[in-house]
Amino acid sequence: MRPIMETINSIIGGQSGSPQYRELIKKAYQDPDVQKFLREHRNELSNEQIERGSSKLYEFYHEKILLQNHQASIAPGYTPQLVVSAGRIDVVYVPTAQLRAQQQAAELRQRVTTVRMPKFIREASFNNVIRDNDDRMDALQAAISFSQTYQPGQFQPGLYLSGNFGVGKTYLLGATANALAERGIISTMVHFPSFAVEMKGAIKDGSVDSRRDAIKKAPILMLDDIGADSMSAWVRDDVLGVILEYRMQEELPTFFSSNFTMQQLEDQHLAIDAQGAREPMKAKRIMQRIRFLSREYHIEGENMRSGN
């Protein structure tokens, strides 16, 4: 069998067409990757098959040069590869490492649904959680444990993170959601005060039930900033209460963050509606559901948003 370089030289010498065309084909055959491919598949390809594949060899070479020069190619984000298919030389395009990383990141983002949550949640990670005191370490360890051990279909209480503004409660929820996403587990994060406002607006277009149902049925739900704003009796009973009742009955993990401890939330927030009426029994019913669905971790620490 003739050496591959003799075959290449014979094919180049026998090419028909304009001088410009022959020069382009010559450059393709001189490419090291093209020559390596032909050597590796020499036993599979006859001289005629190689010659018929000249246009494919040139396509591979041309697209490769465009990518190397950071120019627009036929398939952005993909790199060309030569293959032998059904006795013919062909070019296939496979995702670049950068595109694969982007696709993976997009898949992870799709597993975390956010409603009125800050953008930094998307990048939250356990690696960046501040660990300067026992409170933060206890909460962090509980969040890591949940993200590693939770199995869909098996009830496991979520976390109720209490503490002053800016101590990292929301960030820790985001890190937990992202860690779960890496395991393929879907979660929904909701800024509850904003959601409550949207629900009031939904009364006008009759979409209360559909919006509330979409939240209450989330595989894992994280309600951020419970107690940040005064709550009407309707939001407490017909929005929050209905969501929590469903999740308790279905044993769906639920997380919370609040500036209030559980006891403060019951006594100082849920028991008093926006009109100032006291309804301690209704507050107690809500808290029974919250206590069933989550375990409290109180976080002390300096306000990380103060800029000091």
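**View 1. Helices α12 and α13 cross at roughly 155 degrees, with axes that come within 10 Å.** Helix α12 covers residues 262-270 and helix α13 residues 280-293; helices (H or I, at least four residues) and strands (E, at least two) are DSSP runs numbered from the N terminus. Axes are lines fitted to C-alpha atoms, for helices over the stretch in contact, and angles run from 0 to 180 degrees between N-to-C directions. The two helices are therefore roughly antiparallel to each other (angles over 145 degrees; under 35 counts as roughly parallel, 65 to 115 as roughly perpendicular and the rest as oblique). M262, Q263, L265, E266 and L270 of α12 meet A283, K284, I286, M287, I290 and R291 of α13, contact meaning heavy atoms within 4.5 Å. By class, this contact of α12 with α13 comprises seven nonpolar, one polar and three charged residues (Ala, Val, Leu, Ile, Met, Phe, Trp, Tyr, Cys and Pro count as nonpolar, Asp, Glu, Lys and Arg as charged, and the others, Gly among them, as polar). The model is predicted: local features need pLDDT of at least 70, side-chain atom pairs count only at pLDDT 80 or more, and totals for chains, interfaces and linings use all residues. Residues are numbered from 1 along each chain as its sequence is written, and side-chain values use heavy atoms, with hydrogens and water left out.

**View 2. F155 and F292 form a stacked aromatic pair, one of seven aromatic pairs found in the whole structure.** F155 lies in the loop between α7 (134-149) and β4 (158-163), whereas F292 belongs to helix α13, 137 residues apart in the chain.

**View 3. Helices α7 and α8 pack at about 20 degrees, with axes 9 Å apart.** This angle makes α7 roughly parallel to α8 (residues 169-182). A139, L140, A143, F146 and S147 of α7 contact L172, T176, A179 and L180 of α8. Seven of these residues are nonpolar, two are polar and none is charged.

**View 4. Helices α9 and α10 pack at about 145 degrees, with axes 8 Å apart.** From α9 (residues 192-205), F195, E198, M199, A202, I203 and D205 take part, and they contact V208, R211, R212 and I215 of α10. The contact divides into six nonpolar, no polar and four charged residues.

**View 5. Q49 lies in helix α4 (residues 47-52).** The side chain of Q49 reaches the backbone oxygen of G87 at 3.0 Å. Leaving aside neighbours within four places in sequence, Q49 is in contact with E44, G87 and I89.

Note on methods. A polar contact is a pair of N or O atoms within 3.5 Å; within protein, one must be able to donate a hydrogen and the other to accept it, and residues adjacent in sequence count only if both atoms are side-chain atoms. Rings of Phe, Tyr and Trp (its six-membered ring) pair if their centres lie within 6.5 Å; planes under 30 degrees apart count as stacked, over 60 as edge-to-face and the rest as tilted.
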